[in-house]
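Dear colleague,

Please find below the structure that I am handing over to you. My findings follow directly after it.

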Amino acid sequence: MTYGKESKDALVKLIGEKSTRIYVYEQDQFGRYVGDIYCDSVFIQEQMLKNGHAWHFKNYDSRQEFSEWERKARAACQGLWALNNPKKPWDWRRDERNGRHITIKVY
């Protein structure tokens, strides 16, 4: 996945082996719990969005501050927004299921 490893590394750097709290506020249509993640009083979603390490998936969370944090990271070309054409993770997963990935090796 484009930028997947970098995003994971950023999350590990924020959380590491520290204690986290997840404030669950609902279950989605698949029965998964949905919540906000905090580590040492840091709102993890906020930091990931502000630093350009995550996408705001508006179909599932319409909070305006999330959109604003992503917009500012895009404008500053931070994290994944420094890439020429970052691919949305949900598009990447769809293409992966449909076998549409093209691998290009650069030597």
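Trp 90 touches Trp 55, His 56 and Phe 57, where contact means heavy atoms within 4.5 Å and residues up to four places away in sequence are not counted. Trp 90 and Phe 57 are separated by 33 residues in sequence, while their C-alpha atoms are 8.9 Å apart in space. Trp 90 belongs to helix 4; helices (H or I, at least four residues) and strands (E, at least two) are DSSP runs, numbered from the N terminus. Trp 90 counts as partly exposed because its relative accessibility is 23%, given that buried means under 20% relative accessible area, exposed over 50%, and partly exposed in between (1.4 Å probe, protein chains only).

Please note that this is a predicted model, in which local features need pLDDT of at least 70 and side-chain atom pairs count only at pLDDT 80 or more, whereas totals for chains, interfaces and linings use all residues. Residues are numbered from 1 along each chain as its sequence is written, and side-chain values use heavy atoms, with hydrogens and water left out.

The strands form an open sheet of three, in the order 1-2-3, with antiparallel pairing (two strands pair if DSSP finds at least two bridges between them). Strand 1 (20–27) and strand 3 are the edge strands, each with a single partner strand, so one side of each has no neighbour in the sheet. Strand 2 and strand 3 run antiparallel and are joined by two bridges. Tyr 38 stands opposite Phe 43 in strand 3.

Ile 22, Val 24 and Tyr 33 make a nonpolar surface patch of about 350 Å². Accessible areas come from the Shrake-Rupley method with a 1.4 Å probe, and for residues only the protein chains shown count as cover. Val 24 lies in strand 1 and is partly exposed, at 48% relative accessibility.

Two backbone angles also deserve mention. Ser 41 is not a glycine, yet has a positive phi of about 65°. Ser 41 is placed in the loop between strand 2 (33–39) and strand 3 (42–43) and counts as exposed, because its relative accessibility is 75%. Cys 77, also not a glycine, has a positive phi near 55°. Cys 77 lies in the loop between helix 3 (64–75) and helix 4 (89–97) and is partly exposed, with a relative accessible area of 47%.

Kind regards

Note on methods:
Patches are made of residues with over 30% relative accessible area and no salt bridge: like charges are joined within 9 Å, nonpolar side chains (Val, Leu, Ile, Met, Phe, Trp, Tyr) within 5 Å. A salt bridge is a side-chain nitrogen of Lys or Arg within 4 Å of a carboxyl oxygen of Asp or Glu.
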